[in-house]
Amino acid sequence: MVEILFFIAAIGAIAGAVGVVVLENPFYSVLSLVAHLLSLALLFLLLEAQFVAAVQVVVYAGAVMVLYVFVVSYVGGQNLPIRAVNSPSLRIAAPLFAFCLFVELMIATLGTGLSAISSEGPKLAANYGEPEQIGELLLTKFLLPFEVASFLLLIAAVGAVMLARRRRGLDEPEVPAPLGLLRPAGTGTMAESAGGGFFRKSTASASDDSTSTGRDLG
Amino acid sequence: MSPILAVVGYAEPWWIAILKSVIIFAVALSMVPVVLIVERKLLGRFQGRYGPNRVGPMGMMQPLADIGKLITKAPFRPTTSIGFLFILAPAISMITAVAAFAIIPFGNVVDIAGTPVGLYGIDVGIGPLYLFAFGAVAFYGIMLGGWASGSKYSFLGSMRAAAQLISYEVAQGLSIVGVIITAGTLSLTEIVEAQEGMWYFIPQFVGLIVFMVASFAETNRTPFDLAEADAELVGGYNTEYGGSRFASYFFAEYLNVLIVSGIATTLFFGGWLLPFGIDPPTWVDPIVVLVKMFAFVFFFIWVRATLPRLRYDQLMSFGWKILLPIATLNTLITAIVVVAID
Amino acid sequence: MIAAAATSIKAPYIDWAAFSPIVALICGAVIVLLIGLLPGRRVREQIVPGATVLTLLATLGLTIWQWGENTSIISGALAVDRLSLVLNVVFVATGLVTVVMSLRERATVQAGQGEYYTLLLASLAGMAVLVAAQNLVTLFVGIELLSIPLYVLCASELQREKSLEAGLKYLVIGSVGSATLLFGLSFIYGATGSTDFSGIAAALSSKGETIASNPLMLTGLGMAVVGLGFKAAIAPFHQWTPDVYEGAPSPITSFMSVATKAAAFGIFLRFMDVAVIDEALTWQPLLAALAAITIVVGNVGALAQTSVKRILAWSSVAQGGYLLVGIVVSSAAGLEATLYYLVVYVVMNLAAFSVVVARERETTHGDSLSAFAGLGSKRPILAVPMTIAMLSLAGIPATAGFIGKLNLIGASVDGDYAWLGVLIAIGSAISLAYYLRIVAVMWMPDRRGDSPETDRPHGQPEIIGLAIICSAATIFFGIIPSPIYDLVRGAGESIGLL
C-alpha cells in the first residue's frame with residue numbers, strides 16, 4: 001500500500017514539476033505546480049511528517065499558490081512560448097550543463113538511497129512529526145531562526161507595501177477636508193471607496209509612472 | 001504498517017476504516033437534503049410565508065424534487081470554457097468538503113464487536129490543520145470554476161470569492177488557536193474531553209465570535225455571500241454551471257456549512273458532552289452532536305434571513321483591519337492567561 | 001479544563017548582553033518603521049534618518065561593549081566572537097555612510113523614508129545574524145533576511161525603470177542562488193546528520209573517509225559554495241552584478257558593494273573554516289580555481305565599461321577574487337588578511353561611491369565617465385578623494401589597499417598558494433588600466449570642451465565630507481596600518497584556526 005502511494009505521489013511530483021517548465025500557458029504552469037505541491041505533501045505523509053504535510057498544503061499550496069493564481073489569471077493569459085536562446089553555443093552548452101548537473105545529483109541521491117534500500121529506515125519515536133515535537137524544537141534549539149524568520153516576514157510585508165503602494169499616498173494632505181471629520185474612517189462609505197474621504201490625498205502628483213495601467217479582463 | 005494517522009495509539013483494522021468512510025459519506029449525503037429543506041422552510045417562516053409545502057407532507061419531499069430536477073437536466077458546457085478544468089472544479093469542491101467531514105468526532109472510542117472503534121473518521125495528530133488543508137484546496141474548486149467557465153461574470157465572481165476566502169482563512173485559524181492553547185492539544189477528541197468541566201465557549205467567547213464570523217465568510221453565506229450575489233454577478237462563479245454540476249457546488253456549500261457547525265460544536269460547545277455532567281449511554285453521543293450541529297445550522301439560516309449583504313470593500317477591510325487584530329489579540333491574551341495560571 | 005498534562009518546555013538561556021547588537025538593529029528597524037508613519041515633513045526628512053543613525057550608533061556601542069567575548073549564544077545558534085564583532089563594525093560603518101548618502105536621494109522620497117531606512121536596518125540585522133551563524137538553519141535565515149530587503153531597496157527608485165529592473169534581476173538571480181544554497185545545505189545535513197557547524201565538523205573528523213568522499217557531501221558542498229558565490233558575486237556567478245549595481249540607487253549600490261560582500265565573505269570564512277575545515281583538501285582547489293577565474297574576469301570585464309558604476313561593479317567582482325584568496329589558504333593569517341582587506345575596502349569603496357553620488361546629483365550625465373571629465377580643475381574637492389580611492393583600489397603604495405593586498409599575498413605564499421599571490425599582483429596590474437583611466441579623465445585638461453555643465457549646483461556638504469573623511473582614512477591606514485591590525489588580530493584563534 002505504501003509503495004502504491006509512493007509511486008502515485010512520485011509520478012505526480014515529477015509530472016507536476018515537468019509541467020511547470022514545459023507548459024506554455026502560464027495558468028496551466030501554475031496549476032501543475034499546485035499538483036506538484038500536493039504530491040509532495042503526500043510524500044511527506046509517507047515519511048511520517050504529518051505537520052509538515054499539512055503546513056505545506058495550507059501555506060504553500062493554499063496561500064502562496066493562491067496568490068500566483070490570482071496574478072496569473074489577471075495578468076497572464078497569452079501563450080508566450082519560451083524564448084529561443086540567442087547564441088548557438090548556449091543552445092548546446094546549456095542543456096549539456098543541465099545534464100551534467102542532473103547526473104551529479106542522481107549520483108548523490110541514488111548513491112545514498114540505494115545503500116539504504118534494504119533497511120527499514122531509521123527508528124522513529126512514537127510522536128515523530130507531530131506538532132508537539134516540532135514546536136519543542138522551534139522553541140529550544142531553533143529559537144533564534146524562528147524569531148528571525150518572523151521578523152523576516154514583517155520585512156517582506158513592508159517591502160511589498162513599499163513597492164505596491166499608490167504613489168499618491170506619499171504626499172501629505174495640506175488641508176484636510178473638514179466635513180470628512182463627520183465620517184468615521186473604515187466604515188466603507190462610497191466616498192472612501194472612491195478614494196476621497198477625510199484623508200483625501202492631493203490630486204496633483206508629479207509622478208509620471210507609466211508602470212501600472214489596468215488590464216482588461218478576458 | 002505503522003498507524004500513521006491515528007493519534008489514539010491503536011490501529012484500526014482496514015475494514016473498519018472502509019466501513020467508517022462509507023458511513024460518513026452516507027451521513028453527509030443524507031444530511032444535505034435535510035439542511036436544504038430546513039433552510040427553505042425556515043427562510044419562508046422568517047419571511048412570513050410557508051415555504052415549500054406541495055411536495056410530500058409539509059413539503060418534506062422538496063429536496064427530492066430539487067435534486068431530481070438538477071440531475072436530469074442536460075449537462076451543457078459553454079464553448080468558451082476549458083473542458084477539463086470546467087468538469088474538475090465542482091469535483092474538487094465536493095471532494096474537499098466530504099474529506100473534511102472525516103475529522104468531526106461524533107463520540108468517543110467505543111467497543112463494537114470486540115474491536116475499539118472511534119466514532120469519527122480519523123483523529124489526526126494535526127487536528128484542525130487537516131481542516132485548513134482541505135479548505136485551502138477547496139479554494140481551487142471555486143477559482144477554477146470561475147476561470148474555466150470562460151465568462152467575465154464567472155471570473156469576477158470567483159476572484160471575489162477567492163479573495164474573501166483567503167482573507168478570512170487567517171482569522172478563522174487564529175480563533176481556533178485560542179482553543180488549542182487552552183486545551184493543550186491539537187487532537188479534536190482530546191479537545192472535547194478537555195471540555196469536561198466547562199465548555200470552551202465561556203473562556204473563549206471572543207474566539208467563538210471570531211470563528212463564527214469568519215466561518216460565514218468561508219462558507220460564502222450571507223452576509224458575506226457577494227460571490228453569488230444575484231443582483232451584481234448573475235451567479236458568480238457558478239453562472240455557467242447547470243444540472244448536476246450546479247448540484248455539486250451547492251452540495252459542497254451546504255456540506256461546508258455542516259462542517260463548520262460540526263467544528264464549532266466540537267471546539268466550543270463540548271462535542272458530544274451534555275451539560276451538567278449527565279453521562280448518557282454511548283449511542284446517545286452522535287445524536288447530541290447532530291442536535292448541536294443543527295442548532296448552528298439554524299443560526300446560519302437565521303442570519304441569512306435577517307442581515308443584508310456586505311459590500312466587497314467593506315468585507316475586505318472588515319476582515320483584515322478588524323477581525324484579524326481581534327483574533328490575534330485573543331490568541332495573545334489566551335496564551336498569557338494560560339501561562340500565568342500554570 | 002486546561003490540560004494539566006502539558007509537558008513544560010524549558011526555554012534556552014539567552015545571553016542578552018552578547019545578543020544585544022542584533023537586538024538593537026531589529027528593535028531599531030521596528031521603531032524607525034513606526035516613526036516613519038507619523039505625519040509631517042520634518043519627521044520624514046530628519047527624524048527618521050536621525051533615528052536610524054541612533055540605532056547604528058547604539059549597535060556600534062553594544063558591539064564594542066562585547067569586545068573580547070567568545071561565546072555561542074541561544075543554544076548554539078549564534079557565535080559572538082572577534083570575527084562577528086569586527087564584521088559588525090564594518091556593517092555599522094557602511095550603514096552610517098549609506099544613511100548620509102541617502103539623505104537627499106530621490107529613492108528615499110519615492111519609496112517612503114520610514115520603509116527605506118527600516119529595510120536598510122533589517123538588511124544589516126540579517127548580515128549580523130549571518131556572520132554569527134553557527135547552524136545551517138540560522139545561516140539560511142540570515143541570508144534571506146539580508147537579501148530580501150536589498151531586493152526591494154534596489155527597486156526603490158520606483159519611477160526609474162532601470163531601478164525596478166535591477167531589483168527584479170537581483171530578486172530572480174538571488175533566489176536561484178538561495179535555492180542552490182538550500183539544496184546544498186540539505187545534502188550536507190543528509191550526509192552528516194547535523195545542522196550545527198560543530199556537529200558537521202565532528203561528523204567529518206570522526207567518520208573521516210566515508211563522509212568526505214561521500215558524493216552526497218561533495219555535491220552538497222559544491223552547491224553550497226555555488227549558492228554563497230552568488231551572494232558574494234564570485235565568477236561565474238557574478239553576472240548580475242553590473243546590471244544590478246548600475247540600476248540600483250547609488251547609496252544602495254555602495255551599501256551592497258561593501259556590506260553584502262563583507263557578509264558573504266564572513267559566512268564563507270565561518271562555514272569553510274569551522275564546519276568543513278576537515279575537508280579542506282577537497283575544497284581548497286575549488287575555491288582557488290574560482291578565485292583565479294574571478295580575478296581575471298573581474299579585471300578584464302571592467303576594461304571596456306563607460307559607466308563608472310559599472311566599472312566599480314566589475315572592480316568589486318575582482319576585489320572579491322582577492323578576498324577569496326584569503327579564504328583559500330584557510331589559516332589564521334589568511335582569515336585576518338581577508339578581514340583586514342574588508343575593513344579597508346569599506347573606506348576605499350565608499351570614498352569612490354561618495355564622489356559618484358555627489359557628481360550624479362550635479363550633472364545630467366548620471367554616472368557615465370563623461371560626468372567626471374575635467375573634474376580636477378573644476379571641483380578638486382571631489383577629484384582628490386576619487387583619485388585616492390582609485391589608487392587605493394589598485395593597490396598603489398602608501399594607501400590602505402596596498403597594505404591589504406600585501407597581507408593577502410603574504411598569506412597566500414605562507415599557505416602554499418603562491419601562484420594565487422602572483423595572480424593578485426597581475427590582477428592589480430590589469431586593474432590599473434581602468435582605475436587610472438578614471439583618474440586621467442578627471443585630471444586631463446579638457447581640450448575638447450565636453451566636460452559637463454554643473455547645471456544643478458547642489459550644496460551637499462555631507463557627501464563631500466564623507467568623501468574627504470573616507471579618503472583621508474585610506475591614506476591614514478596606508479601609512480599607519482596598526483589600528484586595523486589590532487582590530488582583526490585574534491579573529492583567527494577565536495574560531496579555532498591555526
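Analyst: Let us begin with cavities. A cavity is a set of grid points where a 1.4 Å probe fits but cannot get out, and its lining residues have an atom within 4 Å of a point. Please bear in mind that this is a predicted model. A search of the whole structure finds five cavities of 30 Å³ or more.

User: Which residues lie nearest the centre of the largest cavity, and how many residues line it?

Analyst: The lining comprises 25 residues, and those nearest the centre are B:G135, B:A138, B:E218, B:T219 and B:N256. The space inside the largest cavity is about 430 Å³.

User: Which helices of chain B each supply at least two residues of that lining?

Analyst: They are α3 (83-100), α4 (128-148), α5 (152-183) and α9 (244-268) of chain B.

User: How is the lining of the second largest cavity made up by class?

Analyst: That lining has 11 nonpolar residues, two polar residues and no charged ones. The second largest cavity has a volume of about 80 Å³. Its lining consists of 13 residues, with C:I22, C:V80, C:S84, C:N88 and C:A132 nearest the centre. In chain C, α1 (16-35), β2 (78-80) and α3 (82-102) each supply at least two lining residues, and the largest share, four residues, comes from α1(C).

User: Which residues is C:L287 in contact with, leaving aside its neighbours within four places in sequence?

Analyst: C:L287 is in contact with C:V225, C:F268, C:M272, C:L324, C:I327 and C:V328.

User: How does one decide whether a single residue is buried? Why does B:T189 count as buried?

Analyst: One compares its relative accessible area with a cut-off: buried means under 20%. B:T189 counts as buried because its relative accessibility is 4%. This residue is found in helix α6 (residues 188-194) of chain B. Beyond its neighbours within four places in sequence, B:T189 is in contact with B:P105, B:Y120, B:D123 and B:W272.

User: Why does C:I9 count as partly exposed?

Analyst: Partly exposed lies between the buried cut-off of under 20% and the exposed cut-off of over 50%. C:I9 is placed in that class because its relative accessibility is 37%. C:I9 sits in the segment before α1 of chain C. Not counting residues up to four places away in sequence, C:I9 touches A:E136 and A:T140.

User: How might I describe a whole chain, such as chain A?

Analyst: One may start with secondary structure: chain A has seven helices and zero strands, in the order α-α-α-α-α-α-α along the sequence. Burial comes next, and 25% of the 218 residues of chain A count as buried. As for surface, the accessible area of chain A is about 14,200 Å², with 70% belonging to carbon and sulfur atoms.

User: What percentage of the contacts in chain A between residues at least 6 apart in sequence join residues at least 24 apart?

Analyst: For chain A, that share is 60%.

Notes. Residues numbered from 1 in each chain as written. Chains lettered and ligands numbered in written order. Predicted model: local features only at pLDDT ≥ 70, side-chain atom pairs only at ≥ 80, totals over all residues. Heavy atoms only, no water. Buried < 20%, exposed > 50% of the residue type's maximum accessible area, 1.4 Å probe, protein only. Contact = heavy atoms within 4.5 Å. Areas by Shrake-Rupley, 256 points an atom, 1.4 Å probe, with all protein chains shown as cover. 1 Å grid on protein atoms, 1.4 Å probe; cavity = no way out; pocket = protein on both sides within 12 Å on 5 of 7 lines; lining within 4 Å. Points joined across faces, edges and corners; volume = space filled by probe spheres on them. Nonpolar A, V, L, I, M, F, W, Y, C, P; charged D, E, K, R; others polar.
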